[in-house]
Amino acid sequence: MEKQRNSSMEEIKKNPRILCLHGFRTSAEILKKLILQWPESILKKLDLVFLDGPYPAQGKSAVEGIFDPPYYEWFQADKDYREFYNFEECVEFIEDYMIKHGPFDGVLGFSQGAVLAATFPGMQREGVALTKVPELKFLIIISGAVFGEGILLGCPKLAANAFSSPIIYFYCLSFYFKRNLRFYFLLLVILKFVAYDFEYIEETGVMKEQNEAILRRFIDPVVIRHSEGHTIPRLGMSLFALIER
């Protein structure tokens, strides 16, 4: 009994393992560089794994001259974003990686990676994808969007019912940061959802619509608004006042 109790305690203390999905025509290495700007006191509480998209960039990257290649993308679309290509293959690629390198507690996605990650809970619920891996306990969505709304007029068939009903999670990671206010706001993001870009979406009406749309798909999400543009926000104590419940 004592051995079993100790084993349970070790499981509780284990850092959450998070699969991190980069933005459009960037890379795992680029996302890693941005995430590693977070305070070490936070990073040491997380087990972050960064994955490159399955397809080399099929066009110019917006980060050329800022970050070195190679660049990757998760899936492709036509110019009107009505038809999407290689979405199903991409999800299969991610599931295969999760089987080999998991289990993962949650997923972090930025930009195109966030669009992709946002569909995962619903597709798992519907039993159409990620059925060979444990159910995800949380997401961290940064500058995401929803298929079928705003500029993303179409929707991949596999994700057709991903948002047919709101997503809610009951899993709490409070034990990772108990009695430690330094990690409180990160706990809130992990506990439910959504970090998204405030100033950028206010300046660009279409992007505001995209970001607002994703909030409606999750029940009582946690929202962090920041003013750093379309990028990974630097985490700091000043964000406490901007957390919305």
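**Pocket and cores**

Me: Which residues line the second largest pocket?
Reply: The lining consists of Arg82, Glu83, Phe84, Asn86, Phe87, Glu88, Glu89, Cys155, Pro156, Lys157 and Leu158. A pocket is an open set of points on a 1 Å grid where a 1.4 Å probe fits, with protein on both sides within 12 Å along at least five of seven lines, and lining residues have an atom within 4 Å of a point. The model is predicted, so local features need pLDDT of at least 70 and side-chain atom pairs pLDDT 80 or more, while totals for chains, interfaces and linings use all residues. Residues are numbered from 1 along each chain, and side-chain values use heavy atoms, without hydrogens and water.

Me: Which element gives the largest share of that lining?
Reply: H4 does, with three residues. Helices are DSSP runs of H or I with at least four residues, and strands are E runs of at least two.

Me: And the largest nonpolar core, which residues touch the most other members?
Reply: Among its 41 residues, these are Leu19, Leu21, Phe87, Ile94, Leu116, Phe120 and Met123. Such a core joins buried (under 20% relative accessible area, 1.4 Å probe) nonpolar residues through side-chain atoms within 4.5 Å. Elements giving two or more residues include strand S1 (17-21), helix H4 (87-101) and strand S8 (138-142). H4 supplies the largest share, six residues.

Me: What does Leu116 touch?
Reply: Beyond four places in sequence, Leu116 has contacts (heavy atoms within 4.5 Å) with Leu21, Trp74, Phe75, Phe87, Cys90, Val91 and Ile94.

Me: New topic: is Ile140 buried or exposed?
Reply: Ile140, in strand S8, counts as buried because its relative accessibility is 3%. Its C-alpha atom is 9.3 Å from that of Ile18, 122 residues apart along the chain.

Note on methods: Buried means under 20% relative accessible area, exposed over 50%, partly exposed in between (1.4 Å probe, protein chains only).
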